[in-house]
Amino acid sequence: MQTEEVDILAFGAHADDVEIGMGGTIAKYTELGKKVVICDLTKAEMSSNGTVESRLKEAEKACRVLGVAKRVNAGLPDRGLFLTPEHIEMVAGIIRKYKPKVIFAPYPVDRHPDHGNCAKLVEEASFSAGVRKFRDSEQQDPHKAEAIYYFMINGFHKPDFAVDISGQIHQKISSLESYSSQFKVKEGTFQTPLVGDYIDSVVSREKMIGKEVGVDYAEGFFSTKPLLLSEDLLGGRK
Ligand SMILES: [Zn+2]
């Protein structure tokens, strides 16, 4: 199988998950020339609003806004992201194909169980992708990403670190507005927790995280491993 090395491989259960959690960070790194691929594990076929086709179009539009190199869909079942050997193999195959430096996945504590299941699946797959004898017959080289970081979708938790997205907040909002079937109130729209003021609540969260680190807006992330302090003692604040 062909491989394409990328800097960031960001997983979500549904198209819009990655944008909600880290749209600003993605815009920031693509502006810096980093190669970013988004992988949606499902086609969100159980979604109350929109269709598989309309959501694919919305997802493509969001990618253009954020400068994402490629968006792929694993085609796993919506509301069926269970930890099975087949699902782990599928996701590990995607990690081996794109050989990311860093993997991102949803933070497991989230009101939507698919987001937590996506995190577990990516965690398992990421480990298996680095095991030389795992799925040896597929002729894919093993790959170990340097780190997995987790982004928030629903709710607020105190993050382990943050990325300044003050210069990218408008791109983030615009990427979210691409998903008009999910966030806009219109006739025939089923009233889900996303409809109405959801984008405002995400922007408020990023404002609050920004306040904690002394910038206008920031996205918060989690790491299961300790982070190394950089030599200039200032982390990313330059
Ligand atoms: Zn979702």
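What follows is a short chat about helix packing, cores and a few residues in a predicted model.

Me: What are the ground rules for this model?
Reply: The model is predicted, so local features need pLDDT of at least 70 and side-chain atom pairs count only at pLDDT 80 or more, while totals for chains, interfaces and linings use all residues. Residues are numbered from 1 along each chain as its sequence is written, and side-chain values use heavy atoms, with hydrogens and water left out.

Me: At what angle do helix 1 and helix 5 pack?
Reply: About 125 degrees, with the axes 8 Å apart. Axes are lines fitted to C-alpha atoms, for helices over the stretch in contact, and angles run from 0 to 180 degrees between N-to-C directions.

Me: Which residues of helix 5 does helix 1 meet?
Reply: Gln171, Lys172, Ser175 and Leu176. From helix 1, the residues involved include Glu19, Ile20, Met22 and Glu31. Contact here means heavy atoms within 4.5 Å.

Me: Ile20, then. Is Ile20 buried or exposed?
Reply: Buried, because its relative accessible area is 1%. The cut-offs are under 20% for buried, over 50% for exposed and partly exposed in between, with a 1.4 Å probe and protein chains only.

Me: Switching to cores. Which residues touch the most other members of the largest one?
Reply: Met22, Ile26, Phe104 and Phe183, out of 36 residues in the largest nonpolar core. Helix 1 supplies the largest share, five residues. A second, separate core has 31 residues, among them Leu41 and Val91. A nonpolar core is a set of buried Ala, Val, Leu, Ile, Met, Phe, Trp, Tyr and Cys residues joined through side-chain atoms within 4.5 Å.

Me: Which element holds Asp40?
Reply: Strand 2, residues 36–42. Asp40 counts as buried because its relative accessibility is 3%. Beyond four places in sequence, its contacts include His14, Arg71 and Asn73.

Me: Backbone now. What is the phi of Asp16?
Reply: Positive, about 105 degrees, although Asp16 is not a glycine. Asp16 sits in the loop between strand 1 (8–12) and helix 1.

Me: And what about the phi of Arg79?
Reply: Also positive, about 65 degrees. Arg79 is in the loop between strand 3 (70–76) and helix 3 (85–98), and is partly exposed at 39%.

Definitions and conventions:
Helices (H or I, at least four residues) and strands (E, at least two) are DSSP runs, numbered from the N terminus.
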